[in-house]
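Here's a quick tour to go with the model you have open. Have a look at it, then read on.

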Amino acid sequence: MPSALEDELFPSTPGKFKIERGHGMNRQFHRCFASTSTMFLWALFLIALTASYLSFQSFVDSGSRYFSASWGGIQWEKQVRNSAQIHRSGGMAVLVTGAAGFVGTHVSLALKKRGDGVVGIDNFNSYYDPSLKKARRSLLKSHGVFIVEGDINDNRLLDKLFDTVAFTHVMHLAAQAGVRYAMENPHSYVHSNIAGLVTLLEVCKTANPQPSIVWASSSSVYGLNDNVPFSESDRTDQPASLYAATKKAGEEITHTYNHIYGLSVTGLRFFTVYGPWGRPDMAYFSFTRNILQGKPITIYRGKNRVDLARDFTYIDDIVKGCLGSLDTSGKSTGSGGKKRGPAPYRIFNLGNTSPVTVPTLVSILERHLKMKAKKNFVDMPGNGDVPFTHANISLARREFGYKPTTDLQTGLKKFVRWYLSYYGYNHGKPVN
Ligand SMILES: O=C(O)[C@H]1O[C@H](OP(=O)(O)OP(=O)(O)OC[C@H]2O[C@@H](n3ccc(=O)[nH]c3=O)[C@H](O)[C@@H]2O)[C@H](O)[C@@H](O)[C@H]1O
């Protein structure tokens with residue numbers, strides 16, 4: 001015989017109540033009460049079931065994150081320590097964020113070649129083809145540089161890295177780059193350029209000893225400034241894109257950490273960096289790809305059909321600027337999260353000082369590729385672009401002898417040579 005409760009919870013047929021259970025007000029009331037409590041118990045049961053499913057799911061998620069973490073363990077620590085070994089007297093141990101990126105790869109290589117210790121960190125995101133980032137990683141690996149796969153928002157990983165190596169410097173190049181993409185995916189800029197930066201600074205501030213920090217700001221912070229050439233003292237409170245706004249915010253945020261915690265900080269305003277192993281999202285790179293594939297390219301034009309111009313800067317010059325900044329960065333003064341005295345806070349333009357228009361860039365590429373571009377000229381859409389950039393580099397020259405030596409013609413020649421060999425072209429034709 002089923003109990004009364006069982007009977008209520010699991011009525012054998014829905015019509016059963018009507019037929020078997022009584023008549024009159026009392027019965028009606030009982031029936032109503034019984035069905036309400038049944039529903040209530042069912043609801044409780046379902047809630048409990050959902051809650052246990054969700055907590056199981058989160059256990060599985062965190063468990064798999066833990067077990068599939070691509071960092072940690074004795075072997076991993078050994079790789080990190082080996083990569084960080086210094087092979088010259090007075091050398092530095094540098095943590096390079098965004099090491100599988102364009103600038104990150106070149107800077108890591110240059111540091112390693114002169115005997116500094118280098119450990120990279122990169123999240124290998126898919127903003128552009130991750131296979132290019134993996135190829136850069138292989139290049140670095142062949143020179144003894146180890147890149148940890150992880151995100152700068154992961155403070156446990158950063159803490160672990162600082163526990164493993166007493167980094168003297170951080171070269172912070174990890175960022176969400178690209179001016180126009182900010183309209184498509186604004187949150188990725190906040191995630192990397194703001195939240196990631198703060199996570200990194202929090203770890204650096206408590207590290208003992210504190211490292212000196214050199215990081216990538218951008219020429220885009222000048223925004224609508226029209227003082228030419230752009231000097232570090234010019235106004236930077238009129239950003240034209242969210243990308244620029246996050247880089248400007250980075251300058252303010254790093255200033256705060258310098259002021260409160262005594263971190264030595266140098267911000268570098270890069271001017272449209274180009275060269276071998278570059279970024280496929282940038283104009284010179286995507287133009288090259290399209291010209292070779294016979295596809296049209298879009299060339300933006302400013303107000304009154306004025307050509308846009310950029311102070312294109314070759315990667316080797318930028319690398320010299322980065323190394324010069326690291327070498328002259330001065331020490332952080334804090335320890336255990338406390339400031340012990342004032343520390344350097346610096347900002348430098350790293351540009352080329354000779355702006356070139358975008359149509360001229362295209363004609364140089366046509367010459368090197370020996371192919372004509374199919375050009376579509378369109379009015380510059382309101383997507384964050386600025387009409388021109390032009391760097392005054394006298395501060396960097398004075399401070400660490402920064403002197404760019406590669407003009408666009410020469411730099412693009414080197415880029416095209418790399419492009420053709422990397423993507424397997426022979427005399428302009430793809431090699432199968
Ligand atoms: O100095 C910086 O701080 C930034 O430099 C770079 O931004 P930009 O100077 O905008 O470079 P890039 O995209 O190559 O466009 C170059 C020119 O081609 C024009 N452009 C672009 C695309 C296109 O299809 N057509 C076109 O005319 C375009 O209008 C522009 O005039 C970095 O990407 C950025 O991450 C940041 O580091």
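## Two paired strands

First, some terms: two strands count as paired if DSSP finds at least two bridges between them. Helices (H or I, at least four residues) and strands (E, at least two) are DSSP runs, numbered from the N terminus. With that in hand, S8 and S13 pair in the parallel sense, with six bridges between them. One place to look is Ile 299, whose bridge partner in S13 is Phe 377.

How many of the six residues of strand S13 are buried? The number is zero, so S13 (residues 374-379) lies largely in the open. Buried here means 20 or more other C-beta atoms within 10 Å of the residue's own; exposed means 12 or fewer, and partly exposed is in between, with C-beta atoms placed from the backbone.

## What this model is

This is a predicted model, where local features need pLDDT of at least 70, side-chain atom pairs count only at pLDDT 80 or more, and totals for chains, interfaces and linings use all residues. Residues are numbered from 1 along each chain as its sequence is written.

## Around the ligand

Strand S8 (residues 296-301) turns up again here: with three residues, S8 gives the most to the shell around the ligand. Of the 18 residues around the ligand, Ala 177, Ser 218, Met 282, Ala 283 and Leu 308 come nearest.

## A buried proline

Pro 404 sits in the loop between helix H13 (394-400) and helix H14 (408-422). Pro 404 is buried, because 24 other C-beta atoms lie within 10 Å. Setting aside neighbours within four places in sequence, Pro 404 is in contact (C-beta atoms, placed from the backbone, within 7 Å) with residues including Thr 313, Tyr 314 and Asn 352.

The chain's mean pLDDT (the predictor's confidence in each residue, from 0 to 100) is 89, and 85% of its residues reach 70 or more. Over residues 58-66 the pLDDT is below 50, and this stretch has zero contacts in the model beyond near neighbours in sequence. Where pLDDT is low, the predicted coordinates should not be read in detail.

Methods
Near = placed C-beta within 6 Å. Contact = placed C-beta atoms within 7 Å.
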